[in-house]
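Biologist: Can you walk me through this one? Keep it simple, please.

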Amino acid sequence: MENLIYLDNAATSFPKPEETYVFMDQFYRRYGVNPGRSGYDLCIEAGQILEQTRRMLTTFFNGTDWTRLVFSYNSTDALNLALFGLLGPGDHAITTTVEHNSVLRPLYHLQQFHGVEVDHMHFDSKGFVDPDDIARRFKKNTKVVAINHASNVIGTVQPLQEVGRRCGEHGVLLVVDTSQSAGTIPIDVQAMNIAVACFTGHKSLMGPMGIGGAYVAEGVTIRHTRAGGTGVKSAQRTHLDEYPYRLEYGTPNMVGVAGLNAGLKWVLKKGTHAIHEHELALLARLRDGLRAIDGVTLYCQDDLTDHIAVLLFNVDSLEAGDTGTMLDVDHNIACRTGLHCAPLVHEDLGTAQIHGGVRFGIGPFNTEEHIDHAIAAVREIATARVRVPPTPAAPSPRRPGDQR
Ligand SMILES: Cc1ncc(COP(=O)(O)O)c(C=O)c1O
């Protein structure tokens, strides 16, 4: 829509760099054949873009073997492959209340239907999980810690290196949801001791929807939970054990791979650090502007160190959904309201009972003008607010270490 101020980048980045659109179109027109299935030149050339993108992403995550970079539909798909392929009856997994449903629900299913024990660690009043709390939960049968790198609700970046060190000391596999961090916060699978880093292409990696994947560290074995065509070794009855085929099934989303290839090149050209600095400067401006408005409550935004450019707020006495509608209809601002697929964050904040909060997600194409417009819009809404159920006075996160 014309003049839309898009502040929903945590849902998906929009727009994409021009390079992403152009390369997807060019690639599919020129090389839109099924890669790796035949020996003719075009097929080999199409396969080269797959390999190049695997190599680029492996380097991006500081992996050691590009064949262990596998593609999937998105991070939800990759997390399902990882969690169902690592955990089984009698295993114990530790996760946190900061997670998205893409971690919570697979673990819930594993708990309900597959005999896996799951503990949820709480975040503190600033939005961080304590690595020592996680370590204190380790048991003999603890197999996996599954944790979000950056929260899609409150924006906090968890201390992965510390969590990874503790996992390494206890022989526990660290599975990380990098959906919100990949492309804006550096991820080093070796330094962070990550066993499986799951990513999605359509957020800060600036690719399209429908492409994601995982980097699986050497020595980590993920069981097959699916099987199908790979284009090679067709006579073999069972699915291939070797990577990347092990975790890939059927014809890949090549237009998605091409878009991710171009998006990642754009990110590398700009530099993740520069993108993050730009977004964080806008976040600070937004936070300061909203903080100065009477009747606006912000959550976990006091200290923007270890933060991505995601801000959660409520206008006191207004339902989050109503604030979102006013931002949309009266001010042409796109945001996301509700529980953001992360219900436990809102339970811990005390915002679940008022149907969540309003989230602004800042992206690389946002400007100071967008932010100032958003602040003015919220000020207008807060000033004119109507009296409906009151917002809980302040978030009351549980103590870290409390068990759900
Ligand atoms: C933290 C987090 N994890 C997982 C996901 C799921 O991403 P996708 O829908 O691309 O699988 C999202 C998307 O909103 C997210 O923010």
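Modeller: A definition to start: buried means under 20% relative accessible area, exposed over 50%, and partly exposed in between, with a 1.4 Å probe and protein chains only. This is a predicted model, where local features need pLDDT of at least 70, side-chain atom pairs count only at pLDDT 80 or more, and totals for chains, interfaces and linings use all residues. Residues are numbered from 1 along each chain as its sequence is written, and side-chain values use heavy atoms, with hydrogens and water left out.

Biologist: Is Cys198 buried or exposed?

Modeller: Cys198 is buried, at 0% relative accessibility. Cys167 is buried too, at 0%.

Biologist: How many disulfides does the structure hold?

Modeller: The count is 0. A disulfide here is a pair of cysteine sulfur atoms within 2.5 Å.

Biologist: New topic. Which residues touch the most other members of the largest nonpolar core?

Modeller: Phe61, Ile134, Val145, Ile154 and Ile194, out of 48 residues in that core. A nonpolar core is a set of buried Ala, Val, Leu, Ile, Met, Phe, Trp, Tyr and Cys residues joined through side-chain atoms within 4.5 Å. There is also a second, separate core of 30 residues, which includes Leu286 and Phe360.

Biologist: What does Ile154 touch?

Modeller: Its contacts include Val98, Phe123, Tyr299, Cys300 and Leu349, not counting residues up to four places away in sequence. Contact means heavy atoms within 4.5 Å.

Biologist: You listed Cys300. Where is Cys300?

Modeller: Cys300 is in the loop between strand 9 (296–299) and strand 10 (310–315). Helices (H or I, at least four residues) and strands (E, at least two) are DSSP runs, numbered from the N terminus. Cys300 counts as buried, at 13% relative accessibility. Its phi is near 55 degrees, a positive value in a residue other than glycine. Most residues other than glycine have a negative phi.

Biologist: What about the phi of Asn193?

Modeller: That phi is also positive, near 55 degrees. Asn193 sits in the loop between strand 6 (173–177) and strand 7 (196–200). Asn193 is partly exposed, at 33% relative accessibility.

Biologist: On to the ligand. Which residues are closest?

Modeller: Thr76, Asp177, Gln180, Thr200 and Lys203 are the closest of the 13 residues that surround the ligand. A residue is near a molecule if one of its heavy atoms lies within 4 Å of it.

Biologist: How far is Lys203 from an oxygen atom of the ligand?

Modeller: A polar side-chain atom of Lys203 is 2.6 Å from a ligand oxygen. For the side chain of Thr200, an N or O atom is 2.6 Å from an oxygen atom of the ligand. For His202, the corresponding distance is 2.7 Å.

Methods:
Polar contact = N/O pair within 3.5 Å; in protein donor to acceptor, adjacent residues only side chain to side chain.
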